[in-house]
Amino acid sequence: MRRFQTAAKKNKDLFVICRNYAVVPVGDDQVEALSQSELAFLNCGLGFSPPSGHRTEKALVGGCVLSDYFPA
């Protein structure tokens with residue numbers, strides 16, 4: 001998963017991830033449906049801070065976080 005997150009950061013790809021798999025959300029409907037799951041959004045944006053009430057946790061790659069906030 002560390003190699004996967006490193007590649008996602010390098011390529012600026014957007015993924016929703018779990019412990020050992022990733023999902024590529026396509027379209028707002030899928031993003032909304034996945035936001036209700038136990039998956040986390042991998043965000044490598046500089047200075048990312050989710051809105052109040054959402055959590056983040058450290059990703060396996062520096063400069064990235066996992067969040068329960070899914071940008072639409």
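Is M1 buried or partly exposed? At a relative accessibility of 30%, M1 counts as partly exposed, where buried stands for under 20% relative accessible area, exposed for over 50% and partly exposed for values in between, with a 1.4 Å probe and protein chains only. The model is predicted, so that local features need pLDDT of at least 70 and side-chain atom pairs count only at pLDDT 80 or more, while totals for chains, interfaces and linings use all residues. Residues are numbered from 1 along each chain as its sequence is written, and side-chain values use heavy atoms, with hydrogens and water left out.

M1 lies in the segment before helix 1 (2-11); helices (H or I, at least four residues) and strands (E, at least two) are DSSP runs numbered from the N terminus.

One disulfide is present in the structure, defined as a pair of cysteine sulfur atoms within 2.5 Å. The bond connects C44 and C64, with an S to S distance of 1.9 Å. The link of C44 and C64 is right-handed, with 105° about the S-S bond. Distant parts of the chain are linked by this pair, 20 residues apart: C44 is in the loop between strand 3 (40-43) and strand 4 (56-58), and C64 in the loop between strand 4 and strand 5 (65-67). C44 is partly exposed, at 27% relative accessible area, whereas C64 is buried, at 4%.

C18 is partly exposed, with a relative accessibility of 32%. The closest cysteine sulfur to that of C18 belongs to C44 and lies 17 Å away, which is too far for a bond.
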